[in-house]
Amino acid sequence: MAERNRLREFIDSEAASAMPLLVAAIAALVLANSPFASAVDDLLRIRFGFSLGPIVLNKPILLWINDGLMAVFFLLVGLEIKREVVEGALSRPSQIALPVVAAAGGMAVPALVYVAINWSDPTALRGWAIPAATDIAFSLGVLAALGSRVPLALKVFLTTLAIVDDLGSIVVIAIFYTSDLSPVALGLAAVFIAGLAILNFAGVRRLLPHLLLGVLLWVSVLKSGVHATLAGVVLAMFIPLKSAGEPDDRRPAIRLEHVIKPWSAWLIMPVFAFANAGLPLVGLSLASLLAPLPLGIMAGLFVGKQIGIVLSVGLLIVLGVARLPEGATWRSLYGVAILGGIGFTMSLFIGSLAFPGDAVREAEVRLGVLAGSLLSAVLGYLVLRTAPGRKP
């Protein structure tokens, strides 16, 4: 019962975070097509930082958002994944087979669709992982708008799928989106990770020592060539979680999750969306959308996601390895698969890693992500809205 209540709380909180994210994205689009567009661009280019001995950090605001604030977002993602693996929806093999395989299919097929469309452009191929991501906030926000029309088991299925998808995206970023590596910085990162492991092994439950080492880890990872946001995920793995008999408000990992979540929902994700979702619409036409890069992203999200999820789930069910979530029909499952094509936050983030500093391709990424996510949200909503009632 307690686990089900936690799941409801998690789903509700993620769905609620979709509203400020949507407002920020709309504001970015409006300002990008207003006389204030150049002022916003100039603001995001303002550089500031600090130096401490040989360590010099001087970045434009945009990179402080993408490398700094998003590291906190990834810390929250890591905490949520850890909690689900240890004691939640990912803790029992019997429950995770269906969404895990669905997530795998929902990442592989969109990537293949993108690659097929952009095969002739080696530079554009760097964006192959952009349509592989699912935005948990927006997808659950659409489900929340449908209320009781969607059974809880399907909401849990989509939540678990999106969590596994986030984990897969983290692995992809770590392996494929790194620049020239610095052995010295990597060595320092290893030292700080060892320090976190020692704190965990020694049973240190105060958050401050963990967070101080986490900041040092972030700086070293930032300088190493591996993307700095991964420091947040590593830190999350070492924040203590298990403590028999203690209430949630005294468990360090859950306390930290509860502290970060409102900041993530109301500040970090909206600021990221505002900084990265602006798209000038002047001069855009159908031909712009049908250019290989935005078409690959749009088709990957809108077509590849639903095909990958439905085929992988259907194969498991036909083979008798799994069955439809409780109360679900094939039509409602298909509607949820379409919602998996809402890529927004993670897709935009991977796009910023794939084409750093390339204004033309970054605009094409935004066009493809916005188009694919919007199509997925609208069609997914309509399919679920018109789906027959639950099975008895």
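1. Contact of α4 with α15. In this predicted model, Asn 66, Met 70, Phe 73 and Phe 74 of helix α4 meet Thr 345, Met 346, Phe 349 and Ser 352 of helix α15; contact means heavy atoms within 4.5 Å. By class, 5 of these residues are nonpolar, 3 are polar and none is charged. Here Ala, Val, Leu, Ile, Met, Phe, Trp, Tyr, Cys and Pro count as nonpolar, Asp, Glu, Lys and Arg as charged, and the others, Gly among them, as polar. Helices (H or I, at least four residues) and strands (E, at least two) are DSSP runs, numbered from the N terminus.

2. Geometry of that pair. The axes of α4 and α15 come within 13 Å and cross at roughly 140°. That angle makes α4 oblique to α15. Axes are lines fitted to C-alpha atoms, for helices over the stretch in contact, and angles run from 0 to 180 degrees between N-to-C directions. Angles under 35 degrees count as roughly parallel, over 145 as roughly antiparallel, 65 to 115 as roughly perpendicular and the rest as oblique. The crossing of α4 and α15 is left-handed, a term used if the near helix is turned anticlockwise from the far one by less than a right angle, with right-handed used if clockwise.

3. Buried means under 20% relative accessible area, exposed over 50%, and partly exposed in between (1.4 Å probe, protein chains only). Among the buried residues of α15 are Phe 344, Gly 351 and Ala 354.

4. Contact of α4 with α7. Helix α4 (residues 61–87) and helix α7 (residues 152–176) pack at an angle of about 125°, with their axes 10 Å apart. The two helices are therefore oblique to each other, and α4 passes α7 in a left-handed crossing. On the α4 side the contact is made by Phe 74, Val 77, Ile 81 and Glu 84, and on the α7 side by Ile 163, Asp 166, Leu 167, Ile 170 and Ile 173. These residues divide into 7 nonpolar, no polar and 2 charged.

5. Ile 170. This residue lies in helix α7, and at 7% relative accessibility Ile 170 counts as buried. Leaving out residues up to four places away in sequence, Ile 170 touches Phe 74, Val 77, Ile 81, Leu 230 and Val 233. The C-alpha atoms of Ile 170 and Gly 314 are separated by 26 Å, the two residues being 144 residues apart along the chain.

6. Contact of α6 with α16. The axes of helix α6 (residues 136–146) and helix α16 (residues 359–385) come within 10 Å and cross at roughly 30°. They are therefore roughly parallel to each other, and their crossing is right-handed. Val 142, Leu 143, Ala 145 and Leu 146 in α6 meet Ala 377, Tyr 381, Leu 384 and Arg 385 in α16. This contact has 7 nonpolar, no polar and 1 charged residues.

7. Strands β1 and β2. Strand β1 covers residues 47–52; the number of its 6 residues that are buried is 0, so β1 lies largely in the open. It is joined by 6 bridges to strand β2 (residues 55–60), and the two run antiparallel; strands pair if DSSP finds at least two bridges between them. Leu 52 stands opposite Ile 55 in β2.

8. Basis of the values. Residues are numbered from 1 along each chain as its sequence is written, and side-chain values use heavy atoms, with hydrogens and water left out. Because this is a predicted model, local features need pLDDT of at least 70 and side-chain atom pairs count only at pLDDT 80 or more, whereas totals for chains, interfaces and linings use all residues.
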